[in-house]
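These are my notebook entries on a structure that I am reading for the first time. I record what I looked up, entry by entry.

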Amino acid sequence: MPHGSLSTRGRGDTENPDPPRKQRRRPRLVRSPRVRRTIKWVFRSVLAVVLVIAVYVGVTIYPYLSGPGTDSVSARVAEWARDHHFSWAVTWLENETYTPPPTGGALSAAQRKALLGQGTGPHPHYTAPATVPVDLPVNISAQAANPLPGEGVWHPVKYDAAGNPVLEEAALRPDAQHTSELAYVAWMNQQALTFTLQPGYQQPGGSWPVPDSVSGAALKGLVATFNGGFKVHPDDALGGYYANGITAAPLVPGKAAEVYYRDGSLKIGVWGSDLTMTPDVLAVRENLSPLVSGGAVQVSASAGSGTQWGYTINNNFFIARSGVGMTASGDIVYVSGAALSVATLAQLLKAAGAVSAMELDINPDWVSFMSYSGNAASPDPVKLWNFVQPADRYLQPASRDFVSVHLR
């Protein structure tokens, strides 16, 4: 190579560049007309199924979401799901979000005041009695060690025109384990009160001469309302529903029953033995088997979640429950609380004086008991305790049946 000449392989050489790398091309996927038709068919089929499900859900859930009343959106969706074969999804979600009630511990200052019948101030329904109170219930024996001041002591809430108590309330710890919880009890003097079974627009549903709410003239003399039992459609209650000559679900012998009479009285017992159909029976509401019968508790300590006493969140024994019973003198007692098992509910009803008793609805969305002023212009509902449902639940159409209590 002569001196001073440029190398033919130098930096600026453009005559013989390196050949460019060939880019790899992905092979083109060629589908046959038959395969393309199959893919389109599968896609359209899946889309059709999705649309059918969406329409089905929309059409069937609309009555639940658009219905009147105070039920929460979550409760309405859960009711729809349980009525349309999605109970497994509701149960899974409830179990995943559930926190069991604590064991041990002490009551808060507000709870201790509740034991004394003070709450956060004077009860708005309190009226000084004009005469010496008569026919008062016996205070409830403590269910936990070392009774606290006011535990199980009755406090008058509503009086009749003569000044005699017709509604009293009490609170106490439900058992020896859940000492930071309270159970709440209401006593109702049957001689001074009338009881009416009122249907819900979904449970039992249908057309009835009795409305699904308390309003207008029916607010006059209103003393209390409380929740009904399990659903009769489907047959969660394992029993029947009869009112005003109409049978919404067949009555079942051997089941616990509230029996309402034409004179406004209420009896609780076993249908077919303690209580039977007579001309003066106006309505019968059954729910499961008796908790207390003949003055004896019928529930074992191991009874918990299941068909017999209701499936609870996370199959937990201790959940929001309610029950109603009748004393030897014929008065009515109602018990509810946030952390009750079937056994503790039965024990509390018996301790409150019930010789016959039954479970009512359970789980947080459905338990409720309210007292009222009896003034139609200003009913002033007050909750027995801080449950989920609002105080005015039954002053508007209710999705489930309930009981209204009036002065005679």
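**Entry 1: a buried charged pair**

I began with arginine 400 and glutamate 79, and I find that both are buried (buried means under 20% relative accessible area, exposed over 50%, partly exposed in between, with a 1.4 Å probe and protein chains only). I note that the model is predicted, that local features need pLDDT of at least 70 and side-chain atom pairs pLDDT 80 or more, while totals for chains, interfaces and linings use all residues. Residues are numbered from 1 along each chain as its sequence is written, and side-chain values use heavy atoms, with hydrogens and water left out.

I then looked up the accessibility values. Arginine 400 has a relative accessible area of 6%, and glutamate 79 has a relative accessibility of 8%.

The side chains of arginine 400 and glutamate 79 form a salt bridge, 2.8 Å from N to O (a side-chain nitrogen of Lys or Arg within 4 Å of a carboxyl oxygen of Asp or Glu). Arginine 400 lies in the loop between strand E17 (382–383) and strand E18 (402–407), and glutamate 79 lies in helix H2, so this pair ties together parts 321 residues apart in sequence. Helices (H or I, at least four residues) and strands (E, at least two) are DSSP runs, numbered from the N terminus.

**Entry 2: the salt-bridge network**

How many salt bridges does the structure hold? I find 7.

I looked up lysine 231 and see that it forms a salt bridge with glutamate 79, with the closest N and O atoms 3.5 Å apart. Lysine 231 is in the loop between strand E5 (222–227) and E6, whereas glutamate 79 is in helix H2 (residues 73–83), so the pair joins parts that are 152 residues apart in sequence. Lysine 231 counts as buried, at 4% relative accessibility.

Arginine 400 also forms a salt bridge with aspartate 361, the closest N and O atoms being 2.6 Å apart. Aspartate 361 is in strand E15 (residues 354–362), and arginine 400 is in the loop between E17 and E18, 39 residues apart. Aspartate 361 is buried too, at 5% relative accessibility.

I record the network as a whole: salt bridges link Glu79, Asp83, Lys231, Asp361 and Arg400.

**Entry 3: threonine 70**

I located threonine 70 in the loop between helix H1 (33–66) and H2. Its side chain makes a polar contact of 2.7 Å with the side chain of glutamine 389 (a pair of N or O atoms within 3.5 Å; within protein, one must be able to donate a hydrogen and the other to accept it, and residues adjacent in sequence count only if both atoms are side-chain atoms). Beyond its neighbours within four places in sequence, threonine 70 is in contact with residues including Arg76, Pro390 and Gln396 (heavy atoms within 4.5 Å).

**Entry 4: an open sheet**

I traced an open sheet of 5 strands, in the order E7-E6-E10-E8-E9, with antiparallel pairing (two strands pair if DSSP finds at least two bridges between them). Why is one side of strand E7 and of strand E9 left without a neighbour in the sheet? Strand E7 (246–249) and strand E9 (266–270) stand at the edges, and each has a single partner strand.

Strand E6 (residues 241–243) pairs with strand E10 (residues 281–286) over 3 bridges, in the antiparallel sense. Here alanine 243 stands opposite alanine 283 in E10.

**Entry 5: helix H5**

I counted 7 buried residues among the 10 of helix H5 (residues 342–351), so the helix is largely enclosed by the rest of the structure. Among them are Val342, Leu345 and Leu349. Glycine 353 follows H5 and has a positive phi, near 110°.
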